[in-house]
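Here is a structure to read through by question and answer. Please look at it before going on.

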Amino acid sequence: MAATASRPVPPRGRARLIAVGRATKPIREARGTARGMLWAGAALTLFFVVLAAFASFISPYGFNEYKSNGVRFAQLAHPSSAHWMGTTVLSNDVMARVVYGAQTELKVVALALVMSIAIGVPLGLLSGFFGGPLDRALVLINDVLLAFPYLLLAIVVAFLLSNSSIGAGILTAAIAITAAYVPVYFRVVRNHVVSLREEAYVDAARALGAKPWTIIRKYVFFNVVQNVPPIATLNAADAVLLLAALGFLGYGIQPTQGAEWGYDISRAVSDASSGIWWTGLFPGLAIVLLVTGLSLVGESLNETLNPVLRRRHFGRIEFPELGEERSDD
Amino acid sequence: MAKRRVRWLLTGSAVAAIAVAAALAATAYGGSKAGNNKVIIDGTTGTVVNIDPANEYDYDSFTVDLPIFQGLYGFPTGAKLKPVLATGCSHTKNLKTWTCHLRHNVKFSNGDPMTSADVKYSFDRVQKIKGDQGIFTLLTYLQSTTTSGQYTVVFHLNHPDSIWPYILSTNAGYVVDKNTFPANSILANTDTSHMIGTGPYKLTKFTAGQQAVLTPNTNYWGAKPKNGGIIIDYYSKSSTMKLDLQQGNIDMAFQTFTPTEISSMKKTKGLKVHSAPGVNIRYLVFNVKRPPFNNLHVRKAIAYLMPRQTIAKRVWHGTVKPLYSMVPAGLPGASQAYKTMYGAKPNLAKAKAEMKKAHVKKPLPITLWYTPTHYGDVSADEYIEMQRALNASKLFKVTLKSAEWAQYSGALGKVYGAFQLGWFPDYPDADDYTVSFYQPQSFYNNGYANSKMTKLIAKERATTGKARIANLKKMQTLAAKTLPTIPYWQGDMIAVGRSNVSGIPSTLDATYYMRFWLLTKS
Amino acid sequence: MTGTSLRTYLLTRLALVVPMVFILLTLVFLLMRVAPGNPIQAALGGHVPPAQVKIIEHRLGFDKPLYTQYGDYLWGIVRGNFGTSISDNRPITQIITQNGAATLELTFFAMIVAIVVGVSVGLLAGRFRDTGLDVFGRMFGILIYAMPVFFLGLMAQLVFGVWLGWLPISDQASPINQALLPAHTNIMFIDAIWARNWAALWDVTKHLILPALTLGLVTAGVFIRLVRINVIRTLRDDYIEAARARGIDERKVVYTHAFKNALVPVITIVGLNFAVLLGGAVLTEETFNWPGIGHELVLYVQNRDYAAVQGIIIVFALVVVFVSMLVDFLNAYVDPRIRY
């Protein structure tokens with residue numbers, strides 16, 4: 001047997017770093033428009049994250065503040081040096097509501113995504129791997145939920161929860177959005193697991209006597225989890241729109257609990273026809289920019305991670321000069 | 001090259017788009033110019049539940065019924081109760097038997113003559129069907145209806161009722177054609193061939209959520225309507241209605257614009273905002289048995305701090321007026337009891353004194369409830385202002401909570417300590433603004449049961465004329481003393497019309513009736 | 001052999017619809033009943049004494065135990081009686097035919113806009129990948145999708161309705177036309193043609209433009225991305241390489257072979273995104289006062305009108321289920337690999 005020089009096994013920590021490096025290779029390899037989109041999207045998203053995290057420092061006033069030094073703000077005032085984006089009918093500063101609105105949106109969306117992934121991915125894993133009647137039942141229920149226009153599903157859930165003991169608020173909105181997205185993660189993960197189940201290496205592992213949990217942990221999970229980031233960012237973009245829609249219809253967050261862009265737009269609709277444009281334009285632009293940022297990140301991740309679309313960039317290929325000796329091995 | 005092809009395609013479509021835009025601009029959309037110039041198109045936000053008067057108990061359905069049906073009494077012009085289908089009613093001394101004489105030669109819109117049999121049929125029907133909208137509760141005192149000849153009806157009540165003629169003016173007393181209305185069931189809203197009444201219009205078409213079309217009743221016994229018909233257009237958002245009004249697609253709009261929209265329309269050319277003091281009110285209810293509101297001093301402190309002026313000016317832009325009694329100003333018997341007792345403006349010193357007497361924590365944490373959609377988005381703003389005023393006094397720490405109407409209306413006093421409600425009258429009389437609120441077992445379950453008040457109610461129902469007015473005033477003063485509720489505004493009746501629509505001011509009064517037959521379009 | 005397995009596939013899919021609908025019915029029933037409050041309360045609470053409210057609730061059976069109500073409801077469905085809405089006394093079937101037709105009209109024209117814009121931009125972006133055209137196309141798709149429907153609709157109303165005055169901003173037709181046009185199908189576009197009322201047809205078309213464009217553009221954003229990916233995927237396929245190798249003109253390769261095959265999944269995409277369209281229709285209907293079924297649903301949910309909400313949701317889901325089944329069937333017909 002030919003002795004192949006065995007490569008030294010790197011220590012555990014370094015092995016992990018190498019694995020991470022391998023996983024992010026496609027992203028680092030991205031060139032051209034995909035890279036541009038990634039950076040642009042990341043910048044936009046980061047802008048809003050900063051707004052949300054440092055809202056109290058960035059915003060000149062609280063989202064509920066209606067006076068300073070005992071003097072009320074003007075009602076529906078034009079944008080001016082005192083109020084860069086004007087004031088609302090309740091004498092609140094529009095910019096404050098936009099900045100704090102970022103906080104609300106990101107809180108709700110992050111919470112919703114975490115919950116959806118925490119529920120959808122494990123369910124999909126287990127259902128896909130073990131199959132059987134449970135799997136069939138879950139798939140049926142999932143198809144039913146997917147068949148449903150998700151806005152309506154979110155409306156019904158938000159409506160019910162807001163009247164229960166939880167009351168209207170961030171948690172309610174997050175749960176409503178989760179209800180709409182869990183089926184997506186479940187379906188994607190389950191389908192992938194089902195196709196992986198038949199792969200040779202999984203079969204081999206099973207033949208070697210590996211327990212199901214080990215197989216899932218070692219072979220299936222990381223494979224499947226790669227699907228999640230592009231879907232998650234695109235879902236985050238969707239979730240912002242869904243939250244705004246809920247707020248617009250009045251099922252989201254009440255004005256005293258927090259600032260929410262969709263609710264502000266619903267109030268601004270009657271202002272707009274009276275020539276008052278600032279109460280609606282700024283929250284609207286905020287939604288567009290945040291969703292665009294998240295979509296750009298998601299799209300570019302898709303371009304780079306999806307093998308169908310991925311473009312490999314090779315370095316220059318050098319051909320050996322004619323006439324040079326070719327070494328025989 | 002493919003790229004050049006694409007460029008051609010793009011320029012081509014751009015040219016096409018410009019051409020279409022030009023065509024549209026040329027045939028610019030403006031107004032319902034096509035069509036009958038004598039038909040008035042009225043926009044409204046709101047939903048019709050039932051047109052059949054036996055199961056109708058909400059304002060939007062009532063607006064459609066008013067031009068189609070009539071009762072023995074009514075408010076043909078102004079807020080004075082007058083006989084309409086009756087020529088007069090007499091009653092026994094104990095106010096339990098009422099005999100009414102009917103007008104002769106009245107025909108229904110399908111030509112059927114109206115007689116006492118139709119009147120009896122109508123009342124029997126309401127009481128038999130007991131429709132789920134609850135209008136039959138207005139006829140609780142009616143034991144039976146009998147006829148005596150073709151033009152006399154006798155009402156036998158089981159309880160003295162001085163305001164029986166007012167009940168006759170509500171849609172519980174509307175007279176329907178016994179030949180077309182079924183005795184045991186409610187007509188569908190689209191059943192226009194059977195929806196027959198004696199009013200100036202007949203229902204020609206009804207499309208739920210979209211339109212109600214009324215055309216003049218050629219068999220009407222009274223003065224012909226001044227226009228050729230009415231189309232009521234239903235909108236889900238007042239902003240869309242406003243845009244349509246500005247564009248001229250509708251001629252007028254009644255119920256309900258936001259205060260910002262009204263302020264803006266006052267300055268818009270081509271539109272005229274008509275307003276007059278109205279009779280719908282808004283008030284804060286206390287559950288007088290639930291702490292901390294069971295403490296009268298706490299309630300008094302809130303009464304001293306109620307920011308009526310701020311709410312009227314900043315939230316409602318002047319379209320409502322501060323209200324100092326549950327009975328709105330303008331109705332006979334209205335007093336300003338709360339103003340007398342607590343002053344017209346918030347009084348911090350007196351509020352502090354009351355809270356001292358209350359012996360409670362300072363600032364006292366309380367929860368105020370409101371409902372965000374039933375009364376419009378602006379209702380949230382009212383409570384935000386209340387919260388601001390109460391918090392600024394440093395006597396209270398207010399938490400605001402809300403619930404959707406379907407749940408809110410079922411909970412009210414059963415669950416909440418202090419909550420928002422509004423009121424539209426069943427009939428424009430002070431009785432409707434007192435008895436419903438002050439009787440024990442009132443509809444909002446606030447636990448108020450004051451024996452003095454209950455006696456006053458019985459007295460009021462059993463007296464007429466000046467004695468009744470005196471009783472009403474006593475009730476209002478007692479209410480201000482014992483504070484089951486705090487009223488804070490009374491709304492104007494507002495209708496906006498294009499400048500070519502006239503007659504609107506003549507129908508704005510304490511009845512809150514939109515009498516379409518008085519309107520004309522030039 | 002092909003015939004049998006196709007038939008089996010179809011039958012299996014059809015058979016699955018029944019349990020799906022059943023689950024949906026049950027879910028909706030439970031959800032609605034679990035929330036406190038009921039339609040009678042919504043209508044009467046606030047001005048009728050609670051004792052009376054209770055009497056009426058009892059008469060309508062709202063205080064019966066849950067499983068009895070459930071049984072009654074299912075039995076009604078089986079007999080074809082979907083019931084009457086409680087908050088405005090309309091038979092559910094009437095709500096579905098009348099308002100459903102309006103939504104159908106809107107979504108149909110919006111779908112046309114979405115397909116035309118989405119497919120053409122997607123095709124171009126995919127074909128000219130990484131060029132300026134691609135970037136422009138994708139940015140357009142992303143931006144238009146990022147815009148909330150109600151925001152875009154509001155701006156469209158202000159610009160084209162108020163400032164320019166070119167187009168109407170609400171309803172299906174002018175009030176006069178709504179009153180006078182006889183309703184046969186409840187789709188005003190078709191009814192106008194039926195009545196040969198050309199002025200009314202022009203009016204209806206003008207009313208359709210803004211809502212259909214708004215909803216269609218936003219949906220096109222989704223299509224652009226999907227079509228573009230499909231085009232890229234198709235252009236990499238072996239048979240395209242083979243065609244090029246055979247020396248076929250590049251233009252012919254792209255337009256005749258690649259586009260045609262890239263468009264096949266578009267049917268799938270359109271079908272699967274039908275649910276998205278219906279969801280977006282709710283917001284569009286709110287903004288433009290379009291008398292559609294999504295708008296009614298929002299109102300009925302607010303009023304806790306069980307009968308109406310259940311009926312409408314079932315119909316929504318049935319439509320989406322059948323459309324996706326149709327799409328799957330078409331796919332299975334075309335591609336024998338997908339047969340379960």
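The questions below go through one chain and then its contact with another.

Author: This is a predicted model, in which local features need pLDDT of at least 70 and side-chain atom pairs count only at pLDDT 80 or more, while totals for chains, interfaces and linings use all residues. Residues are numbered from 1 along each chain as its sequence is written, chains are lettered from A and ligands numbered from 1 in the order in which they are written.

Reader: What is the radius of gyration of chain B, and what would a compact globule have?

Author: The radius is taken over C-alpha atoms, and the globule rule is 2.2 Å times the number of residues to the power 0.38. For 522 residues the rule gives a value near 24 Å, so chain B agrees with a compact globule, at 26 Å.

Reader: How many of the residues of chain B, in percent, count as buried?

Author: A residue is buried if 20 or more other C-beta atoms, placed from the backbone, lie within 10 Å of its own, exposed if 12 or fewer, and partly exposed in between. Of the 522 residues of chain B, the buried share is 54%.

Reader: Why do the buried residues of helix 14 of chain B line one face?

Author: Helices (H or I, at least four residues) and strands (E, at least two) are DSSP runs, numbered from the N terminus. In helix 14 (residues 451–461) of chain B, the buried residues are B:Met453, B:Leu456, B:Ile457, B:Glu460 and B:Arg461. They line one face because the directions from the helix axis to their C-beta atoms fall within an arc of 130°.

Reader: Which exposed residues are on the face of helix 14 of chain B turned away from its buried side?

Author: The buried residues pack against helix 13 (435–438) and helix 15 (465–482) of chain B, contact meaning C-beta atoms, placed from the backbone, within 7 Å. The face turned away from the buried side of helix 14 of chain B carries B:Ser451, B:Lys452 and B:Lys455.

Reader: In what order do the four strands of the open sheet in chain B lie?

Author: Two strands pair if DSSP finds at least two bridges between them. Strand 4 (86–91) and strand 6 (142–147) of chain B are the edges, each pairing on one side only. The pairing in this sheet of chain B is antiparallel, and the order is 4-5-7-6.

Notes. Contact = placed C-beta atoms within 7 Å.
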